[in-house]
Amino acid sequence: MKLELLPGDVSGEAKGINHQAVIVGFSDDPIGKEGGPELCLWSKDGKARKFGGSAPCYGAILGINDSGQMSGMIEYSPVPAPGSPAAEAEGLLLAFRTAQ
């Protein structure tokens, strides 16, 4: 089965699958300064779905168990609060596990 990519992406990688055939991994933009790999889920038919909210974050889902709990890595670059100095915010690299 061929897995779709998220719109505008050029590559991706499946990293895990559970007994319900939910596939997890990442879908990635073209090489460049903007963008990066995004958390991605694929359904049984190979359709891609971005995981997470609309905030800019990059990473990969590395595993999923039969209860639907996922684990992986995420890079999050916080946006400075209004009125704060316009210093460049440093990104955070976090490991995560969902609570199902």
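The structure is a predicted model, in which local features need pLDDT of at least 70 and side-chain atom pairs count only at pLDDT 80 or more, while totals for chains, interfaces and linings use all residues. Residues are numbered from 1 along each chain as its sequence is written, and side-chain values use heavy atoms, with hydrogens and water left out.

The protein chain holds 0 helices and 7 strands, where helices (H or I, at least four residues) and strands (E, at least two) are DSSP runs numbered from the N terminus. Of its 100 residues, 30% are buried; buried means under 20% relative accessible area, exposed over 50%, and partly exposed in between (1.4 Å probe, protein chains only). Among contacts (heavy atoms within 4.5 Å) between residues at least 6 apart in sequence, 32% join residues at least 24 apart.

The structure contains 3 salt bridges, each defined as a side-chain nitrogen of Lys or Arg within 4 Å of a carboxyl oxygen of Asp or Glu. In one of them, Glu4 pairs with Lys47, with the closest N and O atoms 3.4 Å apart. Glu4 lies in the segment before strand E1 (11-17) and Lys47 in the loop between E3 and strand E4 (48-50), so this pair ties together parts that are 43 residues apart in sequence. Glu4 is partly exposed at 38% relative accessible area, and Lys47 is partly exposed at 44%. Lys15 and Glu13 form another salt bridge, at 2.8 Å between the closest N and O atoms.

Glu38 and Lys50 also form a salt bridge, their closest N and O atoms being 3.1 Å apart. Because Glu38 belongs to strand E3 and Lys50 to strand E4, the pair ties together parts that are 12 residues apart in sequence. Glu38 is buried, at 14% relative accessibility, whereas Lys50 is partly exposed at 33%.

Asp29 brings us to the loop between strand E2 (23-28) and strand E3 (38-42). Asp29 is buried yet has no salt bridge, and the nearest side chain of opposite charge, that of Lys50, is 8.7 Å away (Lys and Arg count as positive, Asp and Glu as negative; His and the chain ends are not counted). A polar atom of the Asp29 side chain does, however, lie 3.0 Å from the backbone nitrogen of Gly36. Beyond its neighbours within four places in sequence, Asp29 is in contact with residues including Asp9, Val10 and Glu38.

Conventions
Polar contact = N/O pair within 3.5 Å; in protein donor to acceptor, adjacent residues only side chain to side chain.
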